[in-house]
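This report goes through one protein chain, from single residues to the whole fold. Please keep the sequence and the coordinates at hand while reading.

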Amino acid sequence: MSFSADDTRFMQRALELAGRGLYTTQPNPRVGCVLAVNGCIVGEGWHQWAGQAHAEVAALAAAGEQARGATAYVTLEPCCHYGRTPPCTEALIAAGVRRVVAAMTDPNPQVAGKGLQHHTQAGIEIASGLFEARARQLNPGFCQRMTTGRPWLRSKLAMSLDGRTALSSGESRWITSEASRQDVHRLRARSSALLTGIDTVLQDDARLTVRLDPAEPFKPPLRVVLDSRLRLPASAALCQGEAPTLVLTTASRDTIARANLPDTVRVLQVAADRQGRPDLDEVLILLGQMDCNEVTVEAGACLNGALLDSGLVDEWIIYQAPVVLGNRARGSFDLPDITRMADRHELTCLQTTVLGPDVRLTLCHKDRSANPDTP
């Protein structure tokens, strides 16, 4: 299907608008919409918060009567079902929109092409696939959760040039620069949940909160701790304040009942793997059932080693600083001995970004490399 220069320009604008909801739409997808007539934008909008107007409705409100006869450029197929808001397909039809161009179809089984079909039945011209890859990149977690039931899993590590994440004493503040640490907070802000292990909590007593400019709104992510024996102390920073914390444990129900944790901490029992630790497959399924789209891991070598071995991580984000910590410092991955090069873990570098003196590497398993978008 061919698209015009105007189609390209207006969909790029819709994608830009969708990005404004990067930190706030969870568990909904980030969506932008542009309404155009005769090469001019008459209305635009984006989905800002779950439960509020969808992008199409916001754009229609901005356009008013000018929406009649317009082309709607939407980064995701308009919804055709009742949720917390009415169907966007009905709003577009009632407004007299002439044509709908969607970057991609909605992977939600409740929609999945039905929205575009609804428009066709109403006599509206439809087209889809313009900048589809970019639209998917905006919502990797939503797309994956809708198709597999699991969230998009990324793991963040900060390391030295020699691959070390902390001194032998455990001291790790700070390996990377302020520019990298600010980038981490933006990564946290776009996440539905932040996942860590109990050993990291006991060692660092991290709060796992988001610290951004007050002008940047965000929805605080759920903090999740894998804690086999339920060792989390009530005095831990994760137990303070109003931000929610979820503890996943394999401990007995009696142990859970005796836990003296505040009301902001929820404890759930999950299945154990062969080592008696929370089964990572079960953990991801559970988080998907809790409507988590993107989960970011901030943990130590033990959990990251298990994740690397499992192949469950969709995206590795590594911040590497130009410092050397030496042989006795702690490594990045706790793995069984690899005795043959054929058994090594191979990753593909998708992007390299300079952040102050540091470098951020975005990687995935070699068999998960994606092709760039070509409209």
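Does Cys364 count as buried or exposed? The model is a predicted one, and in it Cys364 has a relative accessibility of 2%. The cut-off for buried is under 20% relative accessible area, so Cys364 counts as buried. Cys364 sits in strand S16, which covers residues 358-365. Trp316 is 48 residues away from Cys364 along the chain, yet the two C-alpha atoms are separated by 5.9 Å.

**Confidence and overall build**

The protein chain has a mean pLDDT of 92, and 97% of its residues reach 70 or more. Residues 370-375 have a pLDDT below 50, and this stretch makes seven contacts in the model beyond near neighbours in sequence. Where pLDDT is low, the predicted coordinates should not be read in detail.

Eleven helices and 16 strands make up the secondary structure of the protein chain. Along the principal axes, the C-alpha atoms fill a box of roughly 65 × 45 × 40 Å. Buried residues account for 47% of the 375 in the chain. Of the contacts between residues at least 6 apart in sequence, 70% join residues at least 24 apart.

The accessible surface of the protein chain is about 17800 Å², and carbon and sulfur atoms hold 49% of that area. Its charged side chains number 39 positive and 41 negative, with the centres of the two sets 2 Å apart.

**Helix H6**

Helix H6 spans residues 140-148 and is mostly covered, with seven of its nine residues buried. These buried residues are Pro140, Gly141, Phe142, Cys143, Gln144, Arg145 and Met146. An α-helix has 3.6 residues a turn, so residues three or four places apart point the same way. Just after H6 comes Gly149, with a positive phi of about 85 degrees.

**Backbone exceptions**

Most residues other than glycine have a negative phi, and most peptide bonds are trans.

| Site | Feature | Angle |
|---|---|---|
| Gln26 to Pro27 | cis peptide bond | omega near 5 degrees |
| Arg173 to Trp174 | cis peptide bond | omega about -5 degrees |
| Phe131 | positive phi | phi near 60 degrees |
| Asp205 | positive phi | phi about 50 degrees |

Pro27 lies in the loop between helix H1 (5-18) and strand S1 (32-37). Trp174 belongs to the loop between strand S7 (164-166) and helix H7 (178-189).

Asp205, at 37% relative accessibility, counts as partly exposed.

Thr196 is a residue of strand S8, which covers 193-197. With a relative accessible area of 2%, Thr196 is buried. Leaving out residues up to four places away in sequence, Thr196 touches Val201, Leu208, Val224, Val225, Leu226, Glu298, Ala299 and Leu303. Val247 lies 51 residues from Thr196 along the chain, and their C-alpha atoms are separated by 9.9 Å.

Ser228 is found in the loop between S9 and strand S10 (245-249). Why does Ser228 count as buried? Its relative accessibility is 19%, and the buried class takes in values under 20%. With residues up to four places away in sequence left out, the contacts of Ser228 are Thr249, Thr250, Ala251, Gly276, Arg277 and Pro278.

Notes. Residues are numbered from 1 along each chain as its sequence is written. This is a predicted model: local features need pLDDT of at least 70, side-chain atom pairs count only at pLDDT 80 or more; totals for chains, interfaces and linings use all residues. Side-chain values use heavy atoms; hydrogens and water are left out. Helices (H or I, at least four residues) and strands (E, at least two) are DSSP runs, numbered from the N terminus. Buried means under 20% relative accessible area, exposed over 50%, partly exposed in between (1.4 Å probe, protein chains only). Contact means heavy atoms within 4.5 Å. Accessible areas come from the Shrake-Rupley method with a 1.4 Å probe; for residues, only the protein chains shown count as cover. Lys and Arg count as positive and Asp and Glu as negative; His and the chain ends are not counted. The place of a charge is taken as NZ of Lys, CZ of Arg, CG of Asp or CD of Glu. pLDDT is the predictor's confidence in each residue, from 0 to 100.
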